[in-house]
Amino acid sequence: MQTNEKKITFGLVVGTRGFFNSELAVEGRKSLIAQIEKLGFNYVILPVEATPTGAIETLEDAKKCATLFNEKRYEIDGIIVSLPNFGDELGIVNTLHIAKLDVPVLIQACDDDNNKVSIKERRDAFCGKLSVCNNLYQYNIPFTDTTLHTCKIESEVFKKDIIWFARICRVTSGLTNARIGAIGARPAAFQTMRASEKILQATGITVVPVDMSEILGNANRIDNDAPEVKQKLDEIKAYGNIPQSVASENIVKQAKFGIASERWIEENEINAAAFQCWTSIQENYGCATCLTMSMLGEKMLPSACEVDISGAISMYALSLASGNPAAILDWNNNYGEERNKCSGIHCSNYPKSFIANEIEISNLDILGASLGEDKCFGAVKGRVAAGPFTYFRISTDDLNGSIKAYLGEGEFTDDPYDMDGGVAICEVNNLQGLMKVLCKNGFEHHVAMGRDHVADVIEEAVTNYLDWEIYHHK
């Protein structure tokens with residue numbers, strides 16, 4: 001079963017300028033490679049003997065580096081430019097302009113030491129970085145800055161910048177090449193879940209639809225006694241506690257639906273999926289989709305309810321940014337008169353890692369009451385554990401032909417709340433102001449959440465490199 005794990009590869013550009021000490025460039029190159037290797041990332045760099053200084057300075061140097069990057073363009077997720085000394089602005093901008101990789105770019109410049117500022121010893125990278133960035137601006141090449149204007153390559157702050165930048169690269173690359181499954185038809189009652197495939201495609205996001213009947217037909221053709229069914233049943237029983245009242249044949253139905261869904265996802269190289277979760281599957285097959293979606297989410301294949309394509313994309317972005325599973329929630333209920341708190345509810349399909357204690361796998365509550373519990377096995381029930389979260393939601397604005405989004409951070413709390421299903425109590429600063437933004441700008445009631453604070457990663461990726469309109473709530 002495919003997951004969304006991919007080792008990031010950086011293209012490395014070390015700049016130099018001839019009338020500064022070129023030995024600093026060679027030392028910087030070695031230090032940069034050592035830092036990248038230490039952090040466990042892959043890299044592509046021009047061989048040291050390929051240029052007179054071992055770094056990039058002239059147009060010829062730039063052409064050589066750009067040629068190498070083009071040969072590796074399907075491997076490179078981002079470019080790190082390091083300036084051990086002033087750095088030749090034209091060498092760097094020509095490299096990026098000729099290569100045209102359209103990937104994130106991080107600009108780092110090295111500190112000078114106060115006791116080494118003679119003509120032979122100093123770097124002047126503090127100044128050189130301004131010139132490089134000025135040229136990138138002129139060429140309309142977006143880039144990301146380091147936390148500090150200058151820092152040592154071996155420093156802890158630059159180490160954190162590289163890790164942060166890797167997450168930005170993962171989000172940018174992941175979204176611009178995403179394949180989102182739309183499994184079944186959107187429930188007619190939920191026009192809020194409509195999204196424009198054409199607007200998404202302009203970013204590189206492809207929606208791959210399949211009729212729910214195909215998945216159910218494939219599930220029905222799986223023999224109940226097949227080894228893969230036994231394996232899936234063992235996986236389900238290890239995933240959570242199933243009440244004894246649940247009929248064994250209903251668990252088998254859920255297992256076969258999960259197998260059929262996973263097969264289609266793998267065959268079509270899907271990164272995230274949006275499921276038709278009611279009421280066709282309950283009435284025509286006899287189970288819920290939630291458990292399958294939860295288990296997929298735990299495997300880093302985010303799955304959203306009600307064919308919420310935009311919600312699935314939002315979940316995928318959070319998973320890429322944090323490296324952890326994401327969930328889809330409803331902004332659902334006020335929490336008494338505590339105006340910065342609300343309940344986030346779903347039936348539910350939360351990944352197991354969202355829940356504080358052992359999960360219960362049983363029947364849908366609301367649909368079970370109307371359709372019959374015997375048709376509704378597969379809801380993942382439990383209380384979301386306290387801790388930090390990032391919330392994110394994109395929406396296709398068809399009237400303006402664009403993608404818009406909102407973003408922010410908050411905390412799951414352990415406040416009591418007597419409601420069935422999957423329950424999360426969410427605390428967000430100035431929640432009332434956020435709700436006004438959502439209402440005024442036509443955002444949906446669904447929101448994606450990830451168990452980490454990664455709003456800065458998402459914002460940098462989608463505003464700087466995808467050019468999406470975003471509201472960052474603080």
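This is a predicted model: local features need pLDDT of at least 70, side-chain atom pairs count only at pLDDT 80 or more; totals for chains, interfaces and linings use all residues.
1. Lys 404 and Asp 397 form a salt bridge, with their closest N and O atoms 3.8 Å apart; a salt bridge here is a side-chain nitrogen of Lys or Arg within 4 Å of a carboxyl oxygen of Asp or Glu. Both Lys 404 and Asp 397 are buried, where buried means under 20% relative accessible area, exposed over 50%, and partly exposed in between (1.4 Å probe, protein chains only). Salt bridges that share partners also join Lys 232, Glu 235, Glu 262 and Lys 299 into one network. By the stated rule, the count of salt bridges comes to 19.

2. Residues are numbered from 1 along each chain as its sequence is written, and side-chain values use heavy atoms, with hydrogens and water left out.

3. Helices (H or I, at least four residues) and strands (E, at least two) are DSSP runs, numbered from the N terminus. Glu 235 counts as partly exposed because its relative accessibility is 28%, whereas Lys 232 is buried, with a relative accessible area of 6%.

4. A further salt bridge joins the side chains of Asp 365 and Lys 381, at 3.0 Å from N to O. This pair links distant parts of the chain: Asp 365 is in the loop between β12 (360–363) and α13 (366–371), Lys 381 is in strand β13 (residues 377–383), and the two are 16 residues apart. Asp 365 is partly exposed at 32% relative accessibility, and Lys 381 is buried, with a relative accessible area of 13%.

5. Most residues other than glycine have a negative phi, and most peptide bonds are trans. The peptide bond from Trp 278 to Thr 279 is cis, with omega near -10°; Thr 279 is found in the loop between β8 (272–275) and α10 (280–284). Asp 124, which is not a glycine, has a positive phi of about 60° and is placed in the loop between β4 (105–109) and α4 (125–138). Asn 140 likewise has a positive phi, near 60°, and its place is in the loop between α4 and β5 (144–145). Asn 140 is exposed, with a relative accessible area of 67%.

6. What surrounds Ile 215, apart from its neighbours within four places in sequence? Ile 215 is in contact (heavy atoms within 4.5 Å) with Ile 183, Val 210, Phe 257, Ala 260, Ser 261 and Trp 264. Ile 215 lies in helix α7 (residues 212–220) and counts as buried because its relative accessibility is 0%. The C-alpha atoms of Ile 215 and Val 380 are separated by 21 Å, and the two residues are 165 residues apart along the chain.

7. Gln 201 is located in helix α6 (residues 197–203). At 39% relative accessibility, Gln 201 counts as partly exposed. Gln 201 and Arg 393 are 192 residues apart in sequence and 17 Å apart in space, C-alpha to C-alpha.

8. As to the chain as a whole, its secondary structure comes to 15 helices and 18 strands. The radius of gyration, taken over C-alpha atoms, is 25 Å, close to the 23 Å that the globule rule gives for 474 residues, so the chain is as compact as a globular protein of that length. The globule rule is 2.2 Å times the number of residues to the power 0.38. Along the principal axes, the C-alpha atoms fill a box of roughly 80 × 55 × 40 Å.

9. Buried residues make up 58% of the 474 residues in the chain. Of the contacts between residues at least 6 apart in sequence, 79% join residues at least 24 apart. The chain exposes about 20200 Å², of which carbon and sulfur atoms supply 48%; accessible areas come from the Shrake-Rupley method with a 1.4 Å probe, and for residues only the protein chains shown count as cover.
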